[in-house]
Amino acid sequence: MISLISDFISKEEQKYILNLGIKSSCSYIENAHIKRINEQTNGFSILFDMTKTKLSSYVSGYQGDNTLVSSIDDIFYKIKDKIANRLHISFEHVFFQYIELGVGGRVGAHYDYGMPGYVTYKCNINVLNSSKINIDKNMLDTRELDLYCFEANLYKHWVDEIDSKTIILSYGFLLPYDVL
């Protein structure tokens with residue numbers, strides 16, 4: 001099921017995030033998955049295990065949490081909590097990905113990694129610019145500040161080539177199948 005909430009973050013939160021300088025705060029990226037993503041995006045991506053549980057650490061390690069990022073700003077934790085509270089979902093096992101797509105960048109068609117008995121429920125926020133994301137057979141047109149969520153290990157998803165710089169915050173909530 002795809003969920004869309006318009007204007008999920010405020011203009012003040014957007015401005016704060018854009019002024020953080022995420023790219024300059026991360027050094028060399030070793031993870032092959034993240035390297036491959038960065039090549040396609042004409043931009044930059046990092047992944048961070050927010051909860052450090054056994055489950056989130058395992059999935060984060062596979063997805064790319066070898067980026068030498070030791071911490072992230074508190075605003076990203078506040079947004080995680082805001083998502084979980086608004087959607088009434090657990091934030092026990094969560095990873096975070098910051099994705100910056102450059103002009104001509106794209107995200108190739110893929111499924112996110114999933115653990116037996118769990119859904120990787122991705123909740124993405126457009127921080128800069130609108131985007132069109134393809135989820136299975138649906139194209140979702142999203143605007144700046146919007147939140148959209150879906151079962152990323154169950155549905156193939158991708159973003160076609162874009163024509164302007166786009167920044168997306170992506171939260172992976174690892175939820176037992178029976179709660180969705």
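In the largest nonpolar core, which has 32 residues, Phe76, Ile125, Leu169, Tyr171 and Phe173 touch the most other members; a nonpolar core is here a set of buried Ala, Val, Leu, Ile, Met, Phe, Trp, Tyr and Cys residues joined through side-chain atoms within 4.5 Å, and buried means under 20% relative accessible area (1.4 Å probe, protein chains only). Two or more residues are given to this core by each of S2, helix H4 (74–87), S3, S5, strand S8 (147–151) and S10, where helices (H or I, at least four residues) and strands (E, at least two) are DSSP runs numbered from the N terminus. Another core, of 12 residues, lies apart from it and includes Leu140, Tyr148, Ala152 and Ile168. The model is predicted, with local features requiring pLDDT of at least 70 and side-chain atom pairs counted only at pLDDT 80 or more, whereas totals for chains, interfaces and linings use all residues. Residues are numbered from 1 along each chain as its sequence is written, and side-chain values use heavy atoms, with hydrogens and water left out.

Six strands form an open sheet with antiparallel pairing, in the order S1-S8-S5-S10-S3-S2, two strands being paired if DSSP finds at least two bridges between them. Strand S1 (3–5) and strand S2 (44–49) are the edge strands, each pairing on one side only. S2 and the antiparallel strand S3 (residues 94–101) are joined by six bridges, and Phe44 has Glu100 in S3 as its bridge partner.

Helix H3 (residues 54–63) packs on the sheet and touches S2, S3, S5 and S10, contact meaning heavy atoms within 4.5 Å.

Conventions
Axes fitted to C-alpha atoms, helices over the stretch in contact; angles between N-to-C directions. Buried < 20%, exposed > 50% of the residue type's maximum accessible area, 1.4 Å probe, protein only.
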